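Let's take a friendly walk through this model, one neighbourhood at a time. Keep the structure open beside you as you read.

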Amino acid sequence: MPAALQLYVRLVDRLSGYVGVVAMYLIFVMLGVLLLDAVTRNVVDYPLHWCIEFAQFTLAAYYFMGGALTLRDNDHVRMDLFYDRLSPRGKARLDLLTAVCLLVYLGVLLFGSVSSTLYAIETNERRFSMWNPPMAPIKVLMVCCIVLMVLQGISLVIKNIAVLRQERTP
Amino acid sequence: MNDTSIALVMFGGMLALLLTGQRVFAVIGFVASTAVLALYGTGGVEIPFSAAFKLFNWFPMLTLPLFIYMGYVLSESGIAEDLYRMLHVWFGRMAGGLAIGTLVLMVIVSAMNGLSVAGMAIGATIALPEMLRRGYDKVLITGVVQGGSSLGILVPPSVVMVLFGMIARQPVSQLWLAGVIPGLIMAAMFILYVSLRARANPALAPTVSDEELAMPLGEKLKLLRFGIIPFLIFFAMTGLFVTGFTSLVESAAVGATCATLAAAVKGRLTLTMLHQTARKTLGISCMFLWLILAALAFGAVFDGLGAVRAIERLFITDWELTPWQVVIMMQVSFIVMGMFLDDTAMLVIVAPLYVPLVKLLDLGFDNQLIWFGVLYTMTCQIAYITPPFGYNLFLMRALAPKEISLLDIYRSIWPFVAMMALTIALVMLFPQLALWLPETVRGR
């Protein structure tokens, strides 16, 4: 395996890990902001209308930012009725074929997200609510996360090829 | 090609690709994306992405990561070990006492968490090894843990009902209340079954020796204090929600906080534990959310093809089914699909087809959709534990002690599937079993 590819896999895998660690601590942000909402409304009687909406934005960031790490670590459910019986090489071969599914889906998501984000920036799109936050920041973040997921998908393909050629995975 | 055959090709293509073992979300998203491009050209390219904002607007979805987090914290916190010790002493003398105690433990855990993961983790790591050590029959107790933990989605709080409520536009509090009585009936059936089996063949479940249970009454009563924390968590979460003090998502946050506090009280709260819990929560949450994202895109294309009307035409005009036959057909198709499809994917793809149809049917009572939500949740329970594809089966295989083989797991579930089917039949025959409690609470 060329050194450039090894470097690519190492870099992308590490980047997914960093972004994923930030994502996983967002659970405490959601928890805190929702608790704040419950307390301010019931205990001190000072309702904060933006809390739930802020938590919704955090949830979107949470699973988009966690996307690449969970791809890398194979956290996504598979229907492993037959898949489970294959050898590691068999799995790698099948994964290599069906990686098309993953990459096509992520590609269509990427196109859609870019066009939606450009629209949000051009028209200064805002969410219709009392808080009325702009939509561009979360959309830009989503585009970046999808790009990272595509990069991670390619890294998975490289690793599959390495398994097939019986090379050490970088 | 007409719309119906496009829909069939999409569905068939999805099932075929799923068999390759590619990630389920990628397969569903791929079929949706290619269908969008084939049907609407580049104009439809935003459809899969816009599903993210449909998901965004479903704010009850916030409960999902919170409940997953809470489940992991509960199983790490040591609350379950204490509870198990208490149940062990109190039920020890009954035939099959430990297995019955495990079922009671499962009901208590179900009342604290909205998924079956927590019950599964606690049952497989705490109850199973203990029962194996005492010579309980492994097939029997494997079934007990599988069946018992699946109650997590029927007894409130329930994440499956949150999802159903979003799709069917029904109040979640009513759905949760509707699950209480069927859940307790099912639990009672499980307990009766275990005690009958143990009485008929004591070798399956040896009783605990007397000296182990010899304990002054004062000590025994003192053990009851272990029930206090779970009760407080249940009250803080479901109680505050049903009485209207906290909203649904807030009560999930309250529950997650209570579980964290309980772990702190027991001295189990460390930075390492929080880090690992956050990592596991991210894994399961991302799995669910990406699956729902892909399934929403799939559902949007299906909707555009008019699949609801096609199914309605098939059931009502072509096959001339009566309303009750339609409901039975739906349940059977849920169970069959549930064996092969992930239940979240099933809900997001199939429920939008069935829910409008249920609304149209005249079954002769009110709140049909609440009732249907309970039926649906119970079919999900069956889907969770039936091979080849069931969450509880996978979790069990990952968590159970080594001497329990896959074959044991497969053999253990059938009596429990039969009892679940019996409960479904009961709730169909007597809809008030599900509807009485929510109607009474609302009427107040």
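Leaving aside residues up to four places away in sequence, B:Ile409 touches B:Thr142, B:Gln146, B:Leu393, B:Met396, B:Arg397 and B:Ile404, where contact means heavy atoms within 4.5 Å. You will find B:Ile409 in helix α21 (residues 406-412) of chain B; helices (H or I, at least four residues) are DSSP runs, numbered from the N terminus. B:Ile409 counts as buried because its relative accessibility is 1%, buried being under 20% relative accessible area, exposed over 50% and partly exposed in between (1.4 Å probe, protein chains only).

A word on ground rules: this is a predicted model, in which local features need pLDDT of at least 70 and side-chain atom pairs count only at pLDDT 80 or more, while totals for chains, interfaces and linings use all residues. Residues are numbered from 1 along each chain as its sequence is written, chains are lettered from A and ligands numbered from 1 in the order in which they are written, and side-chain values use heavy atoms, leaving out hydrogens and water.

Next, look at where the two chains meet. The axes of helix α1 (residues 3-42) of chain A and helix α15 (residues 271-304) of chain B come within 9 Å and cross at roughly 100°; axes are lines fitted to C-alpha atoms, for helices over the stretch in contact, with angles from 0 to 180 degrees between N-to-C directions. That makes α1(A) roughly perpendicular to α15(B), a term covering 65 to 115 degrees. Among the residues that meet here are A:Tyr25 and A:Phe28 from α1(A), and B:His275 and B:Arg279 from α15(B).

Helix α15(B) itself has 34 residues and reaches 49 Å from its first C-alpha to its last, close to the 50 Å expected at 1.5 Å a residue, the expected span being 1.5 Å times one less than the number of residues. Because 26 of its 34 residues are buried, α15(B) is largely enclosed by the rest of the structure. Just after α15(B), B:Gly306 takes a positive phi of about 75°.

Now turn to A:His76, in the loop between α3 (67-72) and α4 (88-123) of chain A. A:His76 counts as buried, at 5% relative accessibility. Its contacts include A:Leu71 as well as B:Arg23, B:Cys286 and B:Trp290.

Finally, visit A:Asp45, in the loop between α1 and α2 (51-65) of chain A. A:Asp45 has a positive phi of about 55° although it is not a glycine, and it is exposed, with a relative accessible area of 61%.

Conventions. Helix = DSSP H or I, 4+ residues; strand = E, 2+ residues; numbered from the N terminus. Parallel < 35°, antiparallel > 145°, perpendicular 65-115°, else oblique.
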